[in-house]
Amino acid sequence: MSVETTDATAHTRALLTTADPHRKTTDRTMTVLIWGAFALAMIPLVSLLWTVLVNGVGRLSVDFLSFSMRGIYGGDPSGGIYHAILGTLIITGWATLISVPIGLLTAIYLVEYGRGPLARSVTFFVDVMTGIPSIVAGLFVVAFMTIFLDPGTRLGIMGSIALSVLMVPVVVRSCEEMLKLVPNELREASYALGVPKWLTIVKVVLRTSVAGITTGILLAIARVIGETAPLLVAVGVTESINFNAFDGRMMTLPVFIYRQYSQGLSTCQEGDMQCVVDITYQNAWGAALVLIVIVMLLNITGRLVNRWFAPKLR
């Protein structure tokens, strides 16, 4: 929105509120209500961030971020979350590679080609997938992979497939809305120059909406990176570092948080006295803070991409 448009809107609003006292009162009342609703919505968010920050920042250290929990037992504070960070990034990365092409191509079909019963069916199933509980996605992947593998097999790629089931409808919906925002005049101008439809989509439509599509994909990643139930079912747990998503179990930050918190307090022996150590709770809070930071970085990256690559309006 240009400066001239903003000034004109403010001037029109001032004239309306000056000419009608009742309108002015209504305007002020609604402004107060909106700001009040915003403040109420921010209270739980700020409280959550503050609680995680206070409880987790004390656990952060170089060792905590660079060591795994292999060989760590009881109240030993020397363990870390490196294996969980690595597993989260690898599993989420594979889920992105699976879901983004499927979601983007589906959105292109619905916007550019989709007509008739098939398009309506695809839209219906996308809506249904949006409401699938996350643990159902994990159970589905385990049941499906059991056809080809042993029933007790747990792999990182199975978690990626489960997350992709949750990501695909989000990617489809976000990409579909971004493609719809591209003016038809741009498509018609390309067709008038003799450019085929597929090339128009690649060179005009996708280039125009690349900022919004990228933002939607990053938000879809941020939406699934904190899932626990499907990964707990499909990937399992491990205390060791695993770089290969196709070989063995992997640990992720959400599962690490759950596992550490579920272990409860640990006990130690100091001479004749028995003490209680809350190192597992500290590990959980520290991992939660790292996970929130990763999600915030993804959201900030999406905002920056949207600002840098959005079409410039003159």
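Six aromatic pairs are counted in the structure, where rings of Phe, Tyr and Trp (its six-membered ring) pair if their centres lie within 6.5 Å, with planes under 30 degrees apart taken as stacked, over 60 as edge-to-face and the rest as tilted. One of them joins tryptophan 35 and phenylalanine 38 in an edge-to-face arrangement, at 5.9 Å centre to centre and with 90° between the planes. The model is predicted: local features need pLDDT of at least 70 and side-chain atom pairs count only at pLDDT 80 or more, whereas totals for chains, interfaces and linings use all residues. Residues are numbered from 1 along each chain as its sequence is written, and side-chain values use heavy atoms, with hydrogens and water left out.

Tryptophan 35 and phenylalanine 38 both belong to helix α2 (residues 21–56), where they are three residues apart, about one turn of the helix; helices are DSSP runs (H or I, at least four residues) numbered from the N terminus. Tryptophan 35 is exposed, its relative accessible area being 57%, while phenylalanine 38, at 47%, is partly exposed. These classes are set by relative accessible area (buried under 20%, exposed over 50%, partly exposed in between; 1.4 Å probe, protein chains only).

The rings of tryptophan 94 and phenylalanine 246 also form an edge-to-face pair, because their planes stand at 90°, with centres 5.1 Å apart. This pair links distant parts of the chain, 152 residues apart: tryptophan 94 lies in helix α4 (residues 82–113) and phenylalanine 246 in the loop between α11 and α12. Tryptophan 94 is partly exposed at 33%, and phenylalanine 246 is partly exposed at 47%. Elsewhere, Phe140, Phe144 and Phe148 make up one aromatic cluster.

The loop between α11 (229–234) and α12 (253–263) also holds methionine 251, which is buried at 1% relative accessibility. Beyond its neighbours within four places in sequence, methionine 251 has contacts (heavy atoms within 4.5 Å) with residues including His83, Ala84, Gly87, Thr88, Phe256 and Arg259. The C-alpha atoms of methionine 251 and isoleucine 85 are 8.1 Å apart, although 166 residues separate the two in sequence.

Helix α4 also packs with helix α7 (residues 156–180): their axes come within 6 Å and cross at roughly 35°. Axes are lines fitted to C-alpha atoms over the stretch in contact, with angles from 0 to 180 degrees between N-to-C directions. The crossing of α4 and α7 is right-handed, meaning that the near helix is turned clockwise from the far one by less than a right angle.

Key
Helices (H or I, at least four residues) and strands (E, at least two) are DSSP runs, numbered from the N terminus.
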